[in-house]
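Please read this note alongside the model, with the definitions kept in view.

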Amino acid sequence: MDARDRQARIAIILPDAEAAAPSVTDTSVLRLARLIGRQMAREDYERQKRRRRPTAPGRKT
């Protein structure tokens, strides 16, 4: 099986209901979403950059 075929399983573990304020949980989720979005954008940019400019022989990347 190829690594891309496997789905990532993410378990969400929260503290007790009294300890986890909804605003703290929402802030954490938004931060994680922002990090994931930045990583996806970075990978997309690098992919486009490689397509635009093929490396010449003997040239370091």
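The points below go from the overall picture to the single residues.

1. The model is a predicted one, in which local features need pLDDT of at least 70 and side-chain atom pairs count only at pLDDT 80 or more, while totals for chains, interfaces and linings use all residues. Residues are numbered from 1 along each chain as its sequence is written, and side-chain values use heavy atoms, with hydrogens and water left out.

2. The protein has one helix and zero strands, where helices (H or I, at least four residues) and strands (E, at least two) are DSSP runs numbered from the N terminus. Of its 61 residues, 0% are buried; buried means under 20% relative accessible area, exposed over 50% and partly exposed in between, with a 1.4 Å probe and protein chains only. The accessible surface comes to about 6,500 Å², and carbon and sulfur atoms account for 55% of that area, as given by the Shrake-Rupley method with a 1.4 Å probe, for residues with only the protein chains shown as cover.

3. The structure holds one salt bridge, a term that stands for a side-chain nitrogen of Lys or Arg within 4 Å of a carboxyl oxygen of Asp or Glu. It joins the side chains of R47 and D44 at 3.4 Å, N to O. Because these residues lie three apart in helix α1 (residues 22–52), R47 and D44 are separated by about one helical turn. R47 is partly exposed at 38% relative accessibility, and D44 is partly exposed at 33%.

4. I10, I12 and L14 make a nonpolar surface patch of about 400 Å². Patches are made of residues with over 30% relative accessible area and no salt bridge, with like charges joined within 9 Å and nonpolar side chains (Val, Leu, Ile, Met, Phe, Trp, Tyr) within 5 Å. I10 is found in the segment before α1 and is exposed, at 75% relative accessibility.
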